[in-house]
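Here are a few exercises to work through with the coordinates open. Try each task before you read its solution.

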Amino acid sequence: MTARLALVGITKRYGAMLANNDVTLSVAPGEIHALLGENGAGKSTLMKIVYGVVKPDAGVIAWEGEPVVIADPNAARALGVGMVFQHFSLFETLTVAENIALGLGSTQPMAELAAEIRQVAAQYGLAVEAERHVHSLSVGERQRVEILRCLLQRPKLLILDEPTSVLTPQEADGLFVMLRRLAAEGCSVLYISHKLEEIRALCTAATVLRAGQVVARCDPRLETAESLAEMMMGGALTHTSRPPAQVGAPCLAVTALTLAADEPFGTTLRDISLELRAGEILGVAGVAGNGQKELLAALSGERRAAAGAVLLQGQPIGALGPAERRARGLAFIPEERLGRGAVAEFTLAENAMLTRLDARTAPHGLLDLGAVNALAARLVARFGVRCSGILAQGRSLSGGNMQKFIVGREIDAQPKVLLAAHPTWGVDIGAALAIRQALLDLAAAGAGVLVVSEDLDELLEIADRIAVLSGGRLSAPMPVGETSVEGIGLLMGGAAHAPAA
Amino acid sequence: MHDGFALIALLVATLRAATPLLLAGFGELIAERSGVLNLGVEGMMLVGAAAGFIATASTGNPLLGLLVAAAAGALMAALFGFLTLTLRANQVACGLALTIFGVGLSALIGLPYQGTPITGLATVIWPDLDSAGPVVQQLMLLDPVVWLALALPFLVFAFLYRTRSGLVLRAVGESHDVAHALGYSVLRVRFAAVLFGGAMAGMGGSYLSLVYTPMWTENMVAGRGWIALALVVFSAWKPLWLALGAVLFGFVTIAQFHAEAFGLDVSSHLLSTLPYLATVVVLVLISRDAARLKLNAPAALGKPFSAAG
């Protein structure tokens with residue numbers, strides 16, 4: 001059978017870096033093909049070449065047996081390639097329907113399109129409201145919009161970059177059912193993911209990239225997650241280890257916090273109470289858009305509440321702003337790395353300063369650049385941040401390394417409480433492992449850690465107790481040992497608020 | 001009866017005073033919605049005013065003058081587009097330079113025409129203007145350009161929110177990288193938007209020299225280009241608010257003349273700042289809602305675009 005897509009000898013060089021080196025890859029019709037590799041291995045570049053965003057320096061692309069030149073994304077779409085980008089390619093101020101219309105390039109009337117969106121959304125279980133503005137959507141909802149936009153193009157090859165990172169287990173299963181159906185209908189799927197169990201369950205072929213080169217081809221169903229990870233990393237896999245931790249007194253307490261949504265499509269927090277104890281990791285699970293953003297804003301101080309609604313080591317901090325809370329020992333790792341956690345145009349040294357201006361780095365209001373550089377260098381060394389040096393721009397780092405730097409910056413401040421929002425989202429295995437280990441170590445050192453994540457596996461791995469946020473309400477936390485993926489999944493779907501059967 | 005006439009006269013005068021701002025403002029709105037900040041509105045208006053006046057004085061046809069003015073404004077905008085879009089120069093610096101260039105250029109080419117009389121637009125369209133009754137005469141002062149200016153808010157609104165091209169324009173202004181990734185030609189869209197902005201500014205300027213005054217004096221646009229720019233921002237890039245702001249400016253301009261006529265004992269220089277002051281204050285007050293601004297501001301405004309890879 002002729003391959004749907006065949007890449008032969010694709011090479012792409014950025015300056016001194018070889019992003020793709022002589023990559024050869026072939027995808028059969030109806031095949032779900034996994035593309036594996038750590039961040040920076042060249043997967044994204046390769047996919048951009050297939051989608052016509054980037055032009056290769058050398059190599060041949062064949063589509064259904066015919067050599068083609070994919071000059072731009074329009075050409076790719078005309079061939080039948082659909083792509084769900086890793087960094088969402090959505091227009092924030094436009095509505096869902098408008099975003100989809102732009103991606104389709106059709107001249108269909110909007111009303112007709114909205115009806116089609118609802119129909120395809122229902123068919124594949126991708127609930128989105130066509131009239132909402134994208135900036136008001138959560139990460140998970142945005143991804144659904146991306147996927148929908150592709151499906152409406154009736155693609156012959158669908159490229160998905162980390163599509164399940166923001167879905168509940170049930171939703172992910174739904175996605176797999178949908179992808180298998182698409183494959184059965186003859187559509188090929190190129191599937192990029194770090195979740196190896198998922199790839200083993202879903203994909204029928206895999207190509208592994210490392211440093212821009214193909215290092216292995218295999219049938220993932222015949223491999224273990226461990227062996228796949230070792231192919232990607234080129235070495236033996238390590239695991240997080242849980243140092244013994246003493247659970248102590250409550251360090252962060254929230255009592256009956258109710259906070260109205262502050263934007264048109266936000267979630268209202270309803271009667272949230274939680275208690276985080278020193279030395280423990282409390283996981284907050286939930287599907288994006290159920291109040292995570294609002295809860296984190298209320299805890300970090302970006303939104304203020306009644307002073308007594310939030311207590312840090314017994315002291316009311318509910319009415320304080322982020323800087324004041326930080327000064328009292330409450331550190332925060334926001335969801336967006338570049339934009340809120342760090343500044344893309346700043347160097348690492350400058351980014352280190354963002355939350356670490358104190359008597360040492362800025363005595364009497366004057367920057368002590370020596371101390372700042374020493375701080376940045378310490379963070380880079382201690383947390384294994386791969387970069388060209390502390391003067392590297394934030395944007396030049398891979399997502400995983402930038403996140404390691406941000407997590408490190410907050411942990412290094414020795415906070416009493418650390419809030420971490422989606423700490424390993426879109427981060428490769430090696431970096432995710434390092435970040436989780438750092439969180440575990442921090443808790444073992446006596447800090448309380450609150451992790452909000454949509455990655456249930458991650459919470460089950462590191463958290464001591466898990467609570468579920470659904471529709472702005474927080475369920476009672478349960479010790480991890482007494483929970484199951486299914487049970488949490490049901491709570492994520494809002495089962496707690498359904499009338500008892 | 002007399003009160004009714006005064007009211008009509010006031011209304012007509014207000015709309016005529018607002019017309020240059022409506023034209024230039026909507027041109028700039030389109031350019032900014034595509035992500036290009038062109039601070040050269042004042043310069044494009046001046047060059048339009050001068051070029052339109054020269055064409056009218058030479059041919060005796062103010063309609064042709066309007067077209068020449070639009071072409072001259074578009075030519076200025078093309079220069080701006082070449083610098084900022086093709087060569088990716090800084091938009092703020094180029095816009096300021098364009099205004100300075102426009103002030104000088106218009107003064108230079110307009111110099112021989114200072115004090116030259118021309119046929120007004122109304123006289124050309126309504127040859128029997130002088131013999132008409134006073135009310136009809138007032139209504140006849142609402143020439144086609146005024147009607148175009150009044151239709152613009154609705155046309156632009158419909159274009160931006162009801163057509164596919166308008167959606168693409170907003171998308172390009174929101175994120176040129178995403179638009180590029182989806183296969184839209186960012187530079188083509190922006191060039192078209194900038195040229196439209198220039199043509200409208202040129203025509204707006206010429207309305208001052210051909211109809212409103214009608215004569216050519218150096219620097220006669222007198223800051224209206226800047227007000228048009230401010231209107232676009234303070235109206236949060238919303239067509240209907242922009243129209244409101246422009247009409248408000250027109251109204252205060254006229255009211256200020258009346259105040260002077262009533263012998264209000266305030267320095268006329270102080271009074272003449274009123275339209276600018278009132279417009280800015282009112283628009284700032286109504287656009288205080290930060291969330292609304294965020295929703296409407298073109299996120300890629302002023303950022304140069306280059307296709308990667």
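This is a predicted model: local features need pLDDT of at least 70, side-chain atom pairs count only at pLDDT 80 or more; totals for chains, interfaces and linings use all residues.

Residues are numbered from 1 along each chain as its sequence is written, chains are lettered from A and ligands numbered from 1 in the order in which they are written, and side-chain values use heavy atoms, with hydrogens and water left out.

**Exercise 1. Describe the interface of chain B and chain A.**

Step 1: get the contacts, meaning heavy atoms within 4.5 Å.

Step 2: look for salt bridges (a side-chain nitrogen of Lys or Arg within 4 Å of a carboxyl oxygen of Asp or Glu). The count between the two chains is 1: Arg170(B) pairs with Glu98(A), with 2.8 Å between the closest N and O atoms.

**Exercise 2. Work out the strand order in the open sheet of 4 strands in chain A.**

Step 1: pair the strands, asking for at least two DSSP bridges between them. The order is S12-S11-S14-S15, with antiparallel pairing.

Step 2: find the edges. S12 (269-277) and S15 (315-316) of chain A each have a single partner strand, so one side of each has no neighbour in the sheet.

Step 3: zoom in on one pair. S11(A), residues 250-259, and S12(A) share 6 bridges, and Ala253(A) has Glu275(A) as its bridge partner.

**Exercise 3. Is Glu280(A) buried or exposed, and what does its side chain meet?**

Step 1: Glu280(A) sits in the loop between S12 and S13 (281-285) of chain A.

Step 2: check accessibility, with buried under 20% relative accessible area, exposed over 50% and partly exposed in between (1.4 Å probe, protein chains only). Glu280(A) has 2%, so it's buried.

Step 3: list contacts, skipping neighbours within four places in sequence. Among them are Val247(A), Glu275(A), Asp464(A) and Arg465(A). The side chains of Glu280(A) and Arg465(A) make a polar contact at 2.7 Å (a pair of N or O atoms within 3.5 Å; within protein, one must be able to donate a hydrogen and the other to accept it, and residues adjacent in sequence count only if both atoms are side-chain atoms).

**Exercise 4. Trace the salt bridges of Asp412(A).**

Step 1: find the partners. Asp412(A) bridges to Arg356(A) at 2.9 Å, N to O, and to Arg382(A) at 3.1 Å.

Step 2: locate the second pair. Asp412(A) is in H13 and Arg382(A) in H12 of chain A, so this pair ties together parts 30 residues apart in sequence.

Step 3: check burial. Asp412(A) and Arg356(A) are both buried, with Asp412(A) at 9% relative accessibility.

Step 4: join the links. Arg356(A), Arg378(A), Arg382(A) and Asp412(A) form a salt-bridge network.

Methods:
Buried area is the accessible area (1.4 Å probe) that two parts lose on being put together, summed over both. Helices (H or I, at least four residues) and strands (E, at least two) are DSSP runs, numbered from the N terminus.
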